[in-house]
Amino acid sequence: MRAAVTERVGSMNVVDRPDPPRPGPGEVLVAPEAVGICGSDYHFFAGELSATAGGGSGGSQFPRVQGHEVAGTITALGADCRAELELGQRVALWPLRACGHCYPCSVGRPNTCDNFELIGIHVDGGLQDLLCTGQDQVFPIGAADGAIAAMAEPVSVAVRAVRRARIESGERIVVLGAGPIGQCVALVARERQAEVLVIDLQPSRLQRSREFGAETLVWSNAEDVVRQARRWSGPGGPPVGVDATGAPAAVRAMIDLVASAGRAVQVGMSTSEVALRIGSLTEKELDLLGVSCCDADDFAEAVAVVERNGPAIRRLVSHEFSLAEAPGALRFAMSNPTEVMKVVIWNA
Ligand SMILES: [Zn+2]
Ligand SMILES: [Zn+2]
């Protein structure tokens, strides 16, 4: 079978590899159909994830087949898989496997497990013709095509963010960043009947947010954005701010614009540091909430969100490539951040 292997930092090649063995008990063999590429793939490819992600350590993560946003079809089932799984079924993969015995696992937060393994980061991912995974990581999905189904993973992060933020009907939510995750947060918050303002540097990205029923604001500078967001929400500021950029200026703006007693939710990944006025946390008594990947319940909800919103989610896919083109596709995405919304790689 073919596999796009990241051999080391900055180097991916499509090679031939032996097929995996037949799935064992509780395992499913999946033929990946479409794989989404995202910011964490760029970080992994650039060698910036090795030390910070849970699970594997340092350079031992290479060589690795990337791809954690995976839609595929079931080609073989091991013993002891749940009855709803069938051969030929289209599925989305929940990329997470947790250890079950560390502190986060013991308090029901497996998505922050100290020892977790993520498909495409700690174990081989979707950029290959066949992939064996645990039956509990395989979710049947009704979607018009594989590219839509592959969006279940980024949507699951948005579902997680909306759950962590405790977003309720009628609340005013400000989302900083109109990349795929910010767009999905806006979509899921709109489904919960929240009023959403999305802020981004790129006017073209904001057009897609308006299709979800969000209002939009072009980022000018932090001071102006804080003033305009608070004007939009009413004088006390919005009860929820979500940063989906990881950019220090946006994170700082989120803390400054959110209402007292509000929730500030960090979804954008970054290795950067940000200067905050400490008093903003104490005086406003903010809940500062981090969001990682999701748990199984969030993923099931994400599958339902995708099934309800297929056409809108399909429009987030801006560029499509074949598996043979995977190395070039990743480089293209990394070097054209303003043009690219979501790159999908087809295994066909
Ligand atoms: Zn992703
Ligand atoms: Zn654990």
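This is a predicted model: local features need pLDDT of at least 70, side-chain atom pairs count only at pLDDT 80 or more; totals for chains, interfaces and linings use all residues.

Residues are numbered from 1 along each chain as its sequence is written.

**Domains**
- Domain 1 spans 2-151 + 316-346, and domain 2 spans 158-290; the bounds come from an automatic or database domain assignment.
- Their centres, taken over C-alpha atoms, are 28 Å apart.
- Contact (C-beta atoms, placed from the backbone, within 7 Å) links 10 residues of domain 1 to six residues of domain 2.
- Helix α1 (residues 39-45) gives the largest share of the domain 1 side, three residues; helices are DSSP runs (H or I, at least four residues), numbered from the N terminus.

**Helices α4 and α5**
- The axes of α4 and α5 (residues 180-191) come within 8 Å and cross at roughly 55 degrees; axes are lines fitted to C-alpha atoms over the stretch in contact, with angles from 0 to 180 degrees between N-to-C directions.
- The contact includes Val-155 and Val-159 of α4 and Ile-181 and Leu-187 of α5.

**Helices α4 and α10**
- The axes of α4 (residues 152-165) and α10 (residues 296-308) come within 8 Å and cross at roughly 115 degrees.
- Among the residues that meet are Arg-160 and Arg-163 in α4 and Asp-298 and Glu-301 in α10.

Definitions and conventions: Chains are lettered from A and ligands numbered from 1 in the order in which they are written. Helices (H or I, at least four residues) and strands (E, at least two) are DSSP runs, numbered from the N terminus. Two residues are in contact if their C-beta atoms, placed from the backbone, lie within 7 Å.
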